[in-house]
Amino acid sequence: LKRPNQQQKKGLWQRVKQNRIAYYFIAPTALAMLFLHVSPITQGIYMSFLNLNQYTLQSYLLAPFVGLENYYKVLIDPTSPIRIGLFEAVRNTVIYTVVVTIGTVAVGMVVALMLNRRFWGRSLVRTLFLFPWIVPTYVTGLLWGIMWLKEGGLVNVLLVDWFHLLPFKPSWLTGGNTMWAIIIPTIWRYWPLSMLMLLAGLQTIPDELYEAADIDGAGPWTKFWMITWPMLRPVWFILILFGLIYNTYSFNIVIMMFGFGAGFPGEWGDLMMTNIFRNSFQLWNFGTGAAASVLLLCVMIMIVNVWFRYFKRAEELS
Amino acid sequence: MALPYYVKKRITDIIISIIMLLFLVLTLLPVGWMVFSSLKSSSDIAIGRVGLSRNVAGQVEVHWDNYVDMWKNVNFGLYLKNSLIICGSTMILAMILSTLAAYALSRFKFPGSDFFSNTILATQMIPAIMYLIPLYIMFVKFTVMTGIPVKGTYLGLILIYSAFFVPFSIWILRGFFASIPKELEEAARIDGCSALQVFWYIAPGLGRADVRLGPDQRRHHDDPGRHPALRRQLPEPVRPDDGGGDCCHHSGRRVILHAAKTHRPRFDRRRGQGIGGI
């Protein structure tokens, strides 16, 4: 609880001693992370340099060292199974991540604004809106897999048989429609979280700002973009950050929707994670899978850094 | 149209409510479909039959027996028990670890704090699939070496789930701690609480603050004395009171309220709020 500028003057050891209690507080977490995060990841990175398949798995880290061959297989080798589907997987992952992240925040924002009024039954409606969030991701995949069916799936029944919005029944789980078939359930599953966080953020914005804007004659649109959105920056910063990370690594919903965990999602539904999973655990190429994971990890670190930098600059400009 | 202001407001309100209700129906539709499907036979679900199942004679039959099957044949009770044990223990363990760490990160600027929080964020960027084989082999070896069974046991799963749950919790909780005015804690320190005691009396109130979304929490930034974190009674002040004025017969809570109220409202709302207040 000391002022930071006083601390800067003191030596390192003195600052360590002064904050002893903080080290006690983080010690259990740091210890657990050393064993359960740092150590497996070091092994995982080392695995990406080994020729690790079903024959050599027994010797694990003593498997033959092959240098960068796994990376060659992922990026260049035109005959390796992971390289063949790589372009589609990357393209789909980029589209999927961007659309889902933006969609989740956008839907959450709209509903949070609608809920941030006084009306009868407010808490009941809010609770009901949280329902998708309690459906496990595996079940979400299964459920929507059934709902997207061409004949008798709920979506086609509603669109074609009941409301006649489309002249024919599209098949959602093959071809280009697959993209929508995986994006929509993911947004459906994840937007309640962003709604909840944005709603909490909305409630900390003081009313005086809106009153002042009213006096200046600002419309609702201006008020949103000049007051609400900037004031909520800490909330949507975290939401988009974790959204980008989690959606890139999205796996459960997609894998369960196609063949209940055993099928191939198709060229418009295959994501990086399903691709790596298929190569690691169905084709038994653990080394190649690890190499692809390491590459993905590097790309993610770069993206998150860019997002942090953008945020810092935006913070300085404001 | 020269409608009066309140009529216009009323009309907008009703339109927004209708849109909201439509959206609510759309949101709940898949959940409702799931419940409806649970009353159909499994073959009808697989072929995507819209209505309820029918028997050979063409009569509608509701398959309540799915629910009987669940308990009798699928052994649902066992899985429920496993989930409860693992989920409950994970929750307790992860909450303890992440509350402690998040509190330390938000309140102390110590050498290595930036490194620690960046490491936490970095763990979130690692594809979970990379952990699978190393963790499995580590757990097998650990079981053989120490005799503590972590492979195929509750303990192992609890450890893994906690490890994956803690980093995200730390990031969320840090925002909450940042939203609690520091003045409260300074006042508590003056009254003689140790750092650990401060943590103990602030943290539970915080937990309450983040599950509740009532309008009464709206203004706690303006008035730290009304912050939900204070709903928990603080202990009697350790320091003997000097017999002067207000705090004679008051509990520590009142003293802190008094101290907190004399502080001016926070001006750096944007920085302070984090993602707190949920």
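Buried residues account for 40% of the 278 residues in chain B. The model described here is predicted. Chain B contains eleven helices and zero strands, and along the sequence it reads α-α-α-α-α-α-α-α-α-α-α. For chain A, 51% of the 318 residues count as buried. Its secondary structure comes to 17 helices and zero strands. Taken along the principal axes, the C-alpha atoms of chain A fill a box of roughly 75 × 75 × 35 Å. To give a sense of distances inside chain A, Leu143(A) and Phe65(A) are 78 residues apart along the chain, and their C-alpha atoms are separated by 44 Å. Leu143(A) belongs to helix H9 (residues 137-147) of chain A, and with a relative accessible area of 7% it is buried.

Two packed helices are described by the angle between their axes and the distance between the axes. Helix H6 (residues 86-115) of chain A packs against H11(A) at an angle of about 40°, and the two axes are 6 Å apart. That angle makes H6(A) oblique to H11(A). The crossing in which H6(A) passes H11(A) is right-handed. Which kinds of residue make up the contact of H6(A) with H11(A)? The residues there divide into 21 nonpolar and six polar, with no charged residue among them.

A further packed pair brings the two chains together. Helix H3 (residues 20-47) of chain A packs with H4(B) at an angle of about 140°, and here the axes are 8 Å apart. At what angle would such a pair count as roughly antiparallel? The cut-off for that description is over 145 degrees, and H3(A) and H4(B) are therefore oblique to each other. The crossing of H3(A) and H4(B) is left-handed.

Over all chains, the structure holds 29 aromatic pairs. One of them joins Phe129(A) and Trp191(A): the ring centres are 5.4 Å apart and the planes stand at 70°, so the pair is edge-to-face. Phe129(A) lies in helix H7 (residues 122-129) of chain A, while Trp191(A) lies in helix H11 (residues 178-202) of chain A, so this pair ties together parts that are 62 residues apart in sequence. Are Phe129(A) and Trp191(A) buried or exposed? Phe129(A) is buried, and Trp191(A) is buried too.

Trp221(A) and Trp225(A) also form an edge-to-face pair, with 6.1 Å from centre to centre and 70° between the planes. Both residues lie in helix H13 (residues 220-231) of chain A, where they are four residues apart, about one turn of the helix. How accessible are they? Trp221(A) counts as exposed, at 65% relative accessibility, whereas Trp225(A) is partly exposed, with a relative accessible area of 39%. The two tryptophans are also part of a cluster: ring pairs link Trp221(A), Phe224(A), Trp225(A), Trp229(A) and Trp236(A).

Some rings have an arginine over the face. In chain A, Arg91(A) lies over the face of Trp268(A), at 3.7 Å from the ring centre. In chain B, Arg174(B) lies over the face of Trp171(B), at 5.3 Å from the ring centre.

Finally, the backbone deserves a look in two loops. His164(A) is not a glycine, and yet it has a positive phi of about 55°. This histidine sits in the loop between helix H10 (154-162) and H11 of chain A. With a relative accessible area of 61%, His164(A) is exposed. In chain B, Asn75(B) has a positive phi of about 60°, and this residue is not a glycine either. Where is Asn75(B) placed? Asn75(B) is found in the loop between helix H3 (65-72) and helix H4 (76-107) of chain B, and H4(B) is the helix that packs with H3(A). Asn75(B) counts as partly exposed, at 40% relative accessibility.

Technical notes. Residues numbered from 1 in each chain as written. Chains lettered and ligands numbered in written order. Predicted model: local features only at pLDDT ≥ 70, side-chain atom pairs only at ≥ 80, totals over all residues. Heavy atoms only, no water. Phe/Tyr/Trp six-rings, centres within 6.5 Å; stacked < 30°, edge-to-face > 60°. Buried < 20%, exposed > 50% of the residue type's maximum accessible area, 1.4 Å probe, protein only. Lys NZ or Arg CZ within 6 Å of the ring centre and 35° of its normal. Axes fitted to C-alpha atoms, helices over the stretch in contact; angles between N-to-C directions. Parallel < 35°, antiparallel > 145°, perpendicular 65-115°, else oblique. Left-handed = near helix turned anticlockwise from the far one by under 90°. Nonpolar A, V, L, I, M, F, W, Y, C, P; charged D, E, K, R; others polar.
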